[in-house]
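Here is a short briefing on one protein model.

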Amino acid sequence: MKSIYFTTPLYYVNDKPHLGTAYSTTMIDVFNRYYKLLGYETLFLTGVDEHGQKLQESAQKAGLSPQDFCNGMAENFKTAWSELGISYDIFFRTTDDFHKQAVQKALQTIYDQGDIYANDYEGWYCVSEEIYYTEKELVDGKTPTGREVVRIKEKNYFFKMSKYIDRLREHIAKNPNFIRPESRKNEVLGFLNKEVHDLCISRPKSRLQWGIEIPFDRDYVTYVWFDALLNYGTAVGLLQEKRTEEFKKWWPQAHHSIGKDILTTHAVYWTTMLMALDVDLPKMIFAHGWILNQDNEKMSKSKGAVVDPVEFAKSVGLEGLRYFFCRDIHFGNDGSISQELIQNRLNADLANNLGNLLNRTTNLYEKFYGGKVERQWHDDPATLEIITQLEALPEQVNKEVLDFNLSGAIECVVRALNSVNRYLEDRAPWKQAKTDLLAASKSLYLAIEALRMTGILFSPIMPTKCRELLNRIGVTGDIKFADAGTFGLLNSVSVSKGEPLFPRFEDKFGDKKDKT
Ligand code: MSP
């Protein structure tokens, strides 16, 4: 059985989940469900990043110990992900003991082989990003994204990152899909073509106590990124003797999905750390874009423009929001989001197209056939052409999903639904039924089969809605991807109409009555 191991970033636990982090997590939830449907064994990791200066400062402000503060905040993420229908396998916390031990083992190994050395550090540090910067890297005295920095001068430990840069360049050249999309790969290559410094991987305890103690110098704790990045490996057994089989199984299938803002830490820090540990690199690092607010700015806490994802999902409908994420924000690019954009999209694709087809079809089956579906269809060229279009969908969807292009996958299905709606307009079974029940039933069969196939193909995006859709047209039991590729499977089933599954947003934006 093929397998895949998906990871999201570990979110800083001192922020609350917001629409941006919800996007990051939801997209992996959708991919993970698709891969499962495609027959893969999957593992889905998400979690929180709990150490570092930023956390220590937040805990101090809240008057709590860092651990108590983290425990409370980690729950916010678990609750939000559960309310957003995220079905992860591992919720990782960097304060777990097994992780701390593995991080210390990693440090000791790299130190023992001579790839960590002590030196005086003088430079700039951004607490908000937890990143070190050189003078040259600053833009107008701030980080390239405009964050404040502080001057630091102290003895620290350094990882010989520069030693591995040529090997990394080679790896990127030999593995064209290692960093995606292409534009991000070029960004990394650009970074590598400049002078790459060694990485400062410690902080003196005199300034920061909240971290994993450096095993070879107890006056220091580990730099938070060095600790957090290791999670992807330690979660599946890296540097843990009793878990080697598990590590062998999952690690070669690792796919990291991250926001484009943390590309360097993953594509350069993490990869060279793995090289130093003599561990293979992950299969892929995919950097997605940002969710932008109405002023086309990244939604983030520091911009003061965060949106509570659970409240937002309530206002537009959870599965509608998932559909919009997949359909309108091309994975890899930035995308704007607003209630207006979402409602327009859901009205067009789900209410008018898919929902209308479902209402009409189930209505007519109830009205003229007592809800009974007979397996019969027309065999004229126009009908056969649409059947061919429908039967080609799983292959197209499969290809787009493997290419991480969900907008493309959805596009194929929507085009087929358009064809079926046009077909119904043309055949008008509501009129046909009055004079020729057999002909009308044959016309309707094309529609009900298209609905069945769509219910399967969209199920990873809208699991609850699609389950309900399939139930209404008499498909119970496990959803099988292969069934979406064969026309004519529905036979003598009963359909039920029910309340509109994809109602229209009739009113102005923000109306809470009609939600998808
Ligand atoms: N803790 C580090 C990551 C360590 S990974 C070992 C971190 N955390 S974070 O809380 O700042 O989250 C960063 C990630 O959240 C981004 O890379 C991205 O995946 C997601 N997003 C945060 N804001 C976002 C948007 N506005 N839009 C899309 N994704 C966003 O960095």
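Glu154 lies in strand 6 (residues 150–159); strands are DSSP runs of E, at least two residues long, and helices are runs of H or I, at least four, both numbered from the N terminus. The model is predicted: local features need pLDDT of at least 70, side-chain atom pairs count only at pLDDT 80 or more, and totals for chains, interfaces and linings use all residues. Residues are numbered from 1 along each chain as its sequence is written, and side-chain values use heavy atoms, leaving out hydrogens and water.

**Glu154**
- Glu154 counts as buried because its relative accessibility is 13% (buried is under 20% relative accessible area, exposed over 50%, partly exposed in between; 1.4 Å probe, protein chains only).
- Glu154 touches Asn119, Asp120, Tyr121, Arg203, Pro204 and Arg207, not counting residues up to four places away in sequence (contact means heavy atoms within 4.5 Å).

**Helix 1**
- Helix 1 (residues 19–37) has 19 residues, which at 1.5 Å a residue should span 27 Å; its end C-alpha atoms are 26 Å apart, which agrees. The expected span is 1.5 Å times one less than the number of residues.
- Of its 19 residues, 17 are buried.

**Nonpolar cores**
- The largest nonpolar core has 105 residues (a core is a set of buried Ala, Val, Leu, Ile, Met, Phe, Trp, Tyr and Cys residues joined through side-chain atoms within 4.5 Å).
- Ile337, Leu390 and Ile473 have the most contacts inside it.
- A second, separate core has 73 residues, including Leu10, Leu45, Trp225 and Tyr269.
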